[in-house]
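Subject: Handover of a structure, with notes on what was found

Dear colleague,

Please find below the structure that I am handing over to you. My notes on it come after the sequence and the coordinates, and I would be grateful if you would read them with the structure open.

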Amino acid sequence: MPLTHPRLWKALDAAARREGLSASGLAKRAGLDATAFNPSKRFGPGDPPRPRWPSTESLTRVLEVTGLSLAEFAELAEDAPRPKRSVPMLGLAQAGLDGFFDASGFPTGDGWDAVDLPAPTPGLFGLTIQGDSMAPLYREGDRVLVDREGPEPRRGDRVVVCTTGGETVAKELLSLTARAATLGSINPAYPPRTLPRRDIDWLARIQWVSQ
């Protein structure tokens, strides 16, 4: 989908509404002039009026203050949002009670919650686990989904790390600072590793696993 002039401003307006703000309020929160996103600033002089585009710096500031990824921002410009896929979710303690499954063993009734599955984005992809450093949590051949455009991983997250040397591993993030990341394994045979941030090409949180 090309990000045309009308779609770009539509996405900015939608981003403002998500934050409970007007276009002016979003501009101020982003540290810009309050009139930067006003409708009167979206076209310049001329016959017909010449379209004006927000600067890349302005868009970057909007993404920073709203927490939106570039892919999420682009979705706001679409005429119809992508439908979310979800599956029923229930606590293990409740699963043994009557009324939650039908005679065939499928979910039934109103007591179920729902969890959204990862929606396809340009940064979402799958990898196959190799090795046993994360066993028994992840076994050889398990498949995981990671999202390069997701939020930065936090301590305790299971992550995939790609180093500048070309190594790609699945680990537990023990700590993350501006200088280094410490990675742990579930398998006690593998000691923790500390990698300088300059040696990390990227790291992303594991969002889903198929076993």
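Predicted model: local features only at pLDDT ≥ 70, side-chain atom pairs only at ≥ 80, totals over all residues.

**Nonpolar cores**

The largest nonpolar core has 20 residues, and those touching the most other members are L12, L26, F37, V62, L68, F73 and L76. Two or more residues are contributed to this core by each of helix 1 (5–18), helix 2 (23–29), helix 3 (56–66) and helix 4 (70–76). Helix 1 supplies the largest share, with 7 residues.

**Helix 1**

Does the length of helix 1 agree or disagree with what its residue count leads one to expect? At 1.5 Å a residue, its 14 residues should span 20 Å, and the C-alpha atoms at its ends are 20 Å apart, so the two values agree. The buried residues of this helix are H5, L8, W9, A11, L12, A14, A15 and A16. Their cover includes helix 2, strand 1 (43–44), strand 2 (50–51), helix 3 and helix 4. After helix 1 comes G20, which has a positive phi near 70°.

**Salt bridges**

The count of salt bridges comes to 5. Three of these are described here.

In general, an α-helix has 3.6 residues a turn, so residues three or four places apart point the same way. E57 is partly exposed, at 47% relative accessibility, and R61 is also partly exposed, with a relative accessible area of 27%. Apart from residues up to four places away in sequence, R61 touches A30, G31 and L32.

The next pair joins two loops. E152 forms a salt bridge with R197, with 3.7 Å between the closest N and O atoms. E152 is in the loop between strand 6 (143–147) and strand 7 (158–163), and R197 is in the loop between strand 10 (193–196) and strand 11 (200–210), so this pair ties together parts that are 45 residues apart in sequence. E152 is exposed, with a relative accessible area of 54%, which lies over the 50% cut-off. R197, at 28%, is partly exposed.

In the remaining pair to be described, E167 and R193 meet through their side chains, with an N to O distance of 3.2 Å. E167 is in the loop between strand 7 and strand 8 (168–176), whereas R193 is in strand 10, so the pair ties together parts 26 residues apart in sequence. Both residues are partly exposed: E167 has a relative accessible area of 35%, and R193 stands at 28% relative accessibility.

**A nonpolar surface patch**

Which residues make the nonpolar surface patch of about 200 Å²? The patch is made by V87, M89 and V115. M89 lies in strand 3 (residues 86–89) and is partly exposed, with a relative accessible area of 41%. V115 lies in strand 4 (residues 113–116) and counts as partly exposed at 31% relative accessibility. Setting aside neighbours within four places in sequence, V115 is in contact with R85, S86, V87 and M89. The C-alpha atoms of V115 and L21 are separated by 28 Å, and the two residues are 94 residues apart along the chain.

With kind regards

Conventions:
Residues numbered from 1 in each chain as written. Heavy atoms only, no water. Core = buried A, V, L, I, M, F, W, Y, C linked by side-chain atoms within 4.5 Å. Buried < 20%, exposed > 50% of the residue type's maximum accessible area, 1.4 Å probe, protein only. Helix = DSSP H or I, 4+ residues; strand = E, 2+ residues; numbered from the N terminus. Expected span 1.5 Å × (residues − 1). Contact = heavy atoms within 4.5 Å. Patch = residues over 30% accessible without salt bridge, like charges linked within 9 Å, V, L, I, M, F, W, Y side chains within 5 Å. Areas by Shrake-Rupley, 256 points an atom, 1.4 Å probe, with all protein chains shown as cover. Salt bridge = Lys/Arg side-chain N within 4 Å of Asp/Glu carboxyl O.
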